[in-house]
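Colleague: I would like a close look at one part of this model. Please keep to the geometry, and give me the cut-offs as you go.

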Amino acid sequence: MRRIALAISAVCLSVSGVAAADDPVAVRKAIMQANAASAGLAGAMMKGELDYNPAIAKAAILTLNASAKSFGDFFPEGSGDGDTTAAPAVWEDAEGFQAALDKYMTDTAAAVEASGKDGPADLAAFQAAIGPVLGNCRSCHENFRVQNN
Ligand code: HEC
């Protein structure tokens with residue numbers, strides 16, 4: 001439970017209505033929504049829609065890393081039915097899914113490392129740090145998510 005609580009507080013989510021133990025689908029979707037919010041912030045800074053801010057950049061990277069560490073805990077057997085876009089491959093190719101999770105953890109950890117204490121110094125440093133992380137979104141979704149949006 002502590003790990004779950006930490007991950008969730010790290011991504012600033014309010015999931016008080018979600019009973020984590022009972023509804024792993026809702027938790028993993030909430031984690032992915034936090035991923036999307038962080039990727040959105042990163043994209044806005046890279047496009048110049050938002051002024052570059054090292055603290056925001058670091059928060060986005062830390063959120064992605066926290067999500068990478070916790071996401072894999074919410075795919076118990078039998079949670080592939082219902083209101084989910086997780087593909088059957090998550091369970092049928094559990095090794096491949098774990099490899100995708102491991103790569104995501106490695107890439108986000110490297111980005112945390114590159115962020116230093118105060119966040120990446122400038123936009124170029126941020127792009128270099130987060131670029132490899134963002135490649136994981138598509139590659140994992142292609143293999144482990146039903147493409148319905
Ligand atoms: C290791 C695999 C993996 C990685 C990496 C990954 N995702 Fe996902 N993502 C999934 C799976 C599986 C689902 C389906 C979850 C479900 O519906 O149960 C999903 C669902 C989502 C959703 C829909 C959530 C909802 O409310 O239905 C969004 C948005 C999303 N991902 C964004 C991202 C972004 C942005 C990144 C990269 C920063 C990312 N994902 C990286 C596997 C991954």
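What is the relative accessibility of Gly135, and how does Gly135 count on that scale?

Modeller: A word on the basis comes before the answer. This is a predicted model, where local features need pLDDT of at least 70 and side-chain atom pairs count only at pLDDT 80 or more, while totals for chains, interfaces and linings use all residues. Residues are numbered from 1 along each chain as its sequence is written, and side-chain values use heavy atoms, with hydrogens and water left out.

Gly135 has 41% relative accessibility, so Gly135 counts as partly exposed. The scale calls a residue buried under 20% relative accessible area, exposed over 50%, and partly exposed in between, using a 1.4 Å probe and protein chains only.

Helices here are DSSP runs of H or I with at least four residues, strands are runs of E with at least two, and both are numbered from the N terminus. The chain has 6 helices and 0 strands. Helix α6 spans residues 123-144.

Next comes Asn136, also in α6. Asn136 has a relative accessible area of 5%, so Asn136 is buried. Its side chain reaches the backbone oxygen of Pro132 at 3.0 Å. Leaving out residues up to four places away in sequence, Asn136 touches Ala100, Lys103, Tyr104 and Asp107. Contact here means heavy atoms within 4.5 Å.

Tyr104 turns up again in the packing. Ile61, Tyr104, Ile130 and Val133 are among the 12 residues of a second, separate core. A nonpolar core is a set of buried Ala, Val, Leu, Ile, Met, Phe, Trp, Tyr and Cys residues joined through side-chain atoms within 4.5 Å.

Tyr104 is also touched by Ser67, as are Ile31 and Asn35, again not counting residues up to four places away. Ser67 lies in helix α3, residues 54-71. With a relative accessible area of 2%, Ser67 is buried. The side chains of Ser67 and Asn35 make a polar contact at 2.8 Å. A polar contact is a pair of N or O atoms within 3.5 Å; within protein, one must be able to donate a hydrogen and the other to accept it, and residues adjacent in sequence count only if both atoms are side-chain atoms. The Ser67 side chain also reaches the backbone oxygen of Leu64, at 3.0 Å.

The largest nonpolar core has 13 residues, and Phe71, Phe75, Val90, Phe97 and Phe144 touch the most other members. At least two residues each come from α2, α4 (89-92), α5 (94-115) and α6. The biggest share is that of α5, with 3 residues. Val90 is in contact with Phe75, Phe97 and Phe144, neighbours within four places aside.

The iron atom of the ligand takes Met32 (SD) and His141 (NE2) as its protein donors, 2.0 to 2.2 Å away. Met32 is in helix α2 (residues 24-47) and His141 in α6, so the pair ties together parts that are 109 residues apart in sequence. Donors are N, O and S atoms within 2.8 Å of the metal, or 3.2 Å for Na, K and Ca; water is not among the atoms, so sites may look incomplete. The iron site is octahedral, with angles of 83 to 180° among its 6 donor atoms. Six donors count as octahedral if opposite donors are over 155 degrees apart and all others between 65 and 115. Met32 is at 26% relative accessibility, so Met32 counts as partly exposed. His141 is partly exposed too, with a relative accessible area of 26%.

Around the ligand there are 21 residues, the closest being Met32, Thr84, Cys137, Cys140 and His141. A side-chain N or O atom of Gln33 is 2.7 Å from one. For a side-chain N or O atom of Thr84, the distance is 2.6 Å.

The loop between α5 and α6 holds Gly116. Its relative accessible area is 36%, so Gly116 is partly exposed. Gly116 and Lys58 are 8.6 Å apart, C-alpha to C-alpha, although 58 residues separate them in sequence.

Terms used. Tetrahedral: all angles 85-135°; square planar, octahedral: opposite > 155°, others 65-115°. Near = heavy atom within 4 Å.
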